[in-house]
Amino acid sequence: MAPPTGPRAGTGRAPPRGPRATGGGGGIQKRRANPRTDRDGDVSMDAPAGGSGRGGLASGGRGRGSKDARGGRGAVNSRTASRVVQNLQNYVSGGPVGKTQSNMATLKILGMSNSKATGNRDGGLRSLLTFLERKASKDKAITIGKSILDGDHVWITVRKDDVPEILRLNGFTYAGAPLTITETTERMPRPEDKISKAAEETKQKLTAVLAARYNPELKLLDLSSLGTDPILSSMGTFDSKDRAEKAFKVLVVIASQQYKTAAEKREGIQAVSLASNGLNDVLQVFTLATSLPDIKRLDLSSNNLDSLSKIAKWQHRFQYLEELHLTGNPITTQPDFVAELIKWFPSLQNINGQIVRSPQEVAEALKGMHPTPLPQFPSNLRDGEANVASIFVQVFFPMFDTDRARLAAEFYDDDSWFSIQAIANSGRNLPWKTYLKYSRNVHKLGEKNPATVQRLFTGGNLIADMWKALPSTQHPSMENPGAWLIDCHTFPNLADPTGHGFATGLLITVNGQFEESDTTENLYGKRTFTRTFILGPSKPSNPPPVHPYRVISDQLTLHDWTPAETPAVQAPVANQVPQIPITIAVPPAEPVVLDDATKSQLIQEVMKRTGMTAEYSELCLSGTANWNFDMALKSFEEQRANLPPTAFINAV
């Protein structure tokens with residue numbers, strides 16, 4: 001199949017002309033900035049200049065190194081050396097990595113190699129992309145982003161919204177071959193990943209160096225005296241300090257890549273020797289800490305480390321390092337170097353062959369690095385002598401389950417605020433659908449998003465209307481303290497609603513779960529939540545407010561959702577207390593000890609809810625309800641028909 005002569009469908013771009021059109025076919029074409037180079041023409045790694053020692057990692061050749069760079073005696077040809085360095089650099093970096101695009105997805109396509117289009121100049125890639133875009137653009141135009149042909153697979157990127165349209169083509173036949181299309185989270189290959197032949201030869205030589213220096217019995221990687229290694233010397237690796245550091249980086253990377261998992265690497269390489277390399281700062285070999293972070297023994301003897309600052313870059317890096325050798329370094333003459341090293345490496349027990357810490361002390365040091373989580377304390381209600389918070393939560397949640405309109409009318413005024421924050425794993429998760437349209441997650445929406453303001457509901461009427469759209473709920477009984485975690489503290493400096501000075505309110509945080517019934521989506525389950533209230537004095541009004549306090553702010557945060565097979569709760573019926581049967585065989589409850597102020601407030605609440613006199617309200621609470629507000633209301637509903645007219649305030 002011949003490739004199309006025009007640009008790909010939907011792109012509207014002409015093929016490139018001029019020198020830029022000569023790039024490798026099928027590769028990801030992307031402009032790249034010119035790399036910074038140092039005085040030798042190598043890619044700059046911002047390594048510090050200078051160095052000391054002869055023939056080691058810190059060596060710059062004889063003298064200042066300038067004679068060797070100009071072709072002095074014993075120097076490797078500069079063009080050859082530059083090529084070696086470039087091969088090393090290509091292997092380590094693999095080229096610049098582009099920024100990830102969170103709205104793009106990656107797909108793999110198998111079957112291209114069996115198609116008739118493989119004889120095309122670009123291997124059939126261009127015609128395949130045109131085929132995919134044309135077939136997928138059924139309801140809307142689909143445009144493929146990046147693409148690359150890598151072996152038997154073609155990799156492409158598309159917008160996440162377009163993924164279903166591309167996957168719909170799975171199994172289609174293209175140029176006589178069936179296509180297998182799958183979405184993947186793997187990193188898309190880059191043209192730079194294909195190592196050149198010269199770089200592959202360099203890798204083979206360095207792998208041979210590592211093989212000769214690895215002791216499987218001691219699990220030791222011996223990288224000491226690298227400047228005298230015949231293979232490395234023949235490659236011109238140590239003709240300058242910069243080349244030496246790059247070579248070491250590649251050696252460590254290759255050593256790390258010999259193991260498939262971190263556990264295999266941790267078991268395979270337990271000791272490393274960097275002795276006699278002329279090191280004057282561990283920054284020159286910093287890669288060791290990132291590529292082999294779990295080694296237990298490290299030998300830095302016979303180098304030029306003269307102060308703790310020259311090792312400080314590795315501070316808190318080797319968490320499992322047990323043995324460290326620094327003999328032959330000027331740093332050993334400092335009186336405090338042992339004490340400091342113990343602080344930096346929590347598992348360190350042996351320095352220069354001397355035991356400096358016991359295994360028990362190491363265990364304590366490691367324990368200190370991983371502090372235990374804070375314990376969860378029981379509910380803590382600091383709401384004063386009137387027990388406002390206790391009574392509020394006992395009244396609030398049953399009313400939220402049964403009569404939300406009345407709840408909003410009694411506790412919320414024109415200045416009350418309410419918001420929902422849904423912590424959903426996915427915006428397409430059906431159990432979150434009802435909540436997400438109201439969710440005010442500022443982190444996701446952004447402070448300048450109009451929805452941030454629109455989803456802050458203000459005023460009791462608006463809040464009540466919004467509550468009608470939420471699924472029905474059933475919170476557990478307050479008699480089960482294990483199902484609730486409630487904290488309450490005073491909240492000072494609230495604006496006094498009378499306009500004179502400041503007032504003190506309450507900050508109440510409630511953590512728990514509730515059963516949920518979403519009849520519109522036929523979903524039933526349980527949800528965990530956190531609800532935070534700020535209560536303050538009610539505003540003066542005529543008639544007087546129902547309660548002496550009001551909800552100033554109410555924030556509901558929803559967490560996990562667990563499905564249930566059967567309906568969890570029934571839809572609430574307005575202005576009606578739910579008819580929940582009371583089990584007859586109830587064990588006698590322990591008498592509740594309440595102060596007179598709390599009892600008086602409970603009596604007032606029952607009077608407001610039932611219309612009974614204070615005397616009958618007290619009888620209702622002190623009887624079988626045992627001063628439990630919910631039980632008292634249930635008892636009232638059961639005995640309402642048997643009560644005399646004098647039991648009600650209107651009849652008095």
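In this predicted model, Phe 533 touches Phe 392, Phe 396, Phe 397, Tyr 412, Leu 506, Leu 507, Ile 508, Val 510, Val 551, Ser 553 and Asp 554. Residues up to four places away in sequence are not counted. A contact requires heavy atoms within 4.5 Å. Phe 533 also belongs to the largest nonpolar core, which has 56 residues. Such a core is a set of buried Ala, Val, Leu, Ile, Met, Phe, Trp, Tyr and Cys residues joined through side-chain atoms within 4.5 Å. Buried means under 20% relative accessible area, exposed over 50%, and partly exposed in between, with a 1.4 Å probe and protein chains only. Those with the most contacts inside the core are Phe 392, Tyr 412, Trp 467, Ile 508, Val 510, Phe 533 and Leu 535. Helix H12 (residues 388-402) gives the largest share of this core, 10 residues. A second, separate core holds 43 residues, including Leu 232, Val 272, Val 282 and Leu 308.

Residues are numbered from 1 along each chain as its sequence is written. The model being predicted, local features need pLDDT of at least 70 and side-chain atom pairs count only at pLDDT 80 or more, while totals for chains, interfaces and linings use all residues; side-chain values use heavy atoms, with hydrogens and water left out.

The secondary structure comes to 20 helices and 21 strands. Helices (H or I, at least four residues) and strands (E, at least two) are DSSP runs, numbered from the N terminus. Of the 652 residues in the protein, 40% are buried. Among contacts with a separation of 6 or more, 69% link residues 24 or more positions apart.

Helix H13 (residues 404-411) has the buried residues Arg 404, Leu 407, Ala 408, Glu 410 and Phe 411. These pack against H12, helix H17 (460-468), strand E17 (472-474) and E21.

Strands pair if DSSP finds at least two bridges between them. Strand E15 (residues 417-422) runs parallel to E21, with six bridges. Strand E15 also runs antiparallel to strand E16 (residues 457-458), with two bridges. Phe 418 stands opposite Asp 554 in E21 and opposite Phe 457 in E16.

An open sheet of seven strands has the order E7-E8-E9-E10-E11-E12-E13, and its pairing is mixed. Strands E7 (214-215) and E13 (354-355) stand at the edges with a single partner strand each, so one side of each lacks a neighbour in the sheet. Strand E12 (residues 350-351) pairs with E13 in the antiparallel sense over two bridges. Asn 350 has Ile 355 as its bridge partner in E13.

Two cavities of 30 Å³ or more were found in a search of the whole structure. On a 1 Å grid over the protein atoms alone, a cavity is a set of points where a 1.4 Å probe fits but cannot get out; lining residues have an atom within 4 Å of a point. Grid points are joined across faces, edges and corners, and a volume is the space filled by probe spheres set on the points. The largest cavity contains about 70 Å³ of space. Its lining includes Phe 400, Arg 404, Tyr 435, His 475, Phe 514 and Arg 531. Strands E20 (523-537) and E21 (549-563) each supply at least two lining residues.

The whole structure has zero disulfides, defined as pairs of cysteine sulfur atoms within 2.5 Å. Cys 488 is buried, with a relative accessible area of 0%. Cys 620 is buried at 12% relative accessible area.

Terms used: 1 Å grid on protein atoms, 1.4 Å probe; cavity = no way out; pocket = protein on both sides within 12 Å on 5 of 7 lines; lining within 4 Å.
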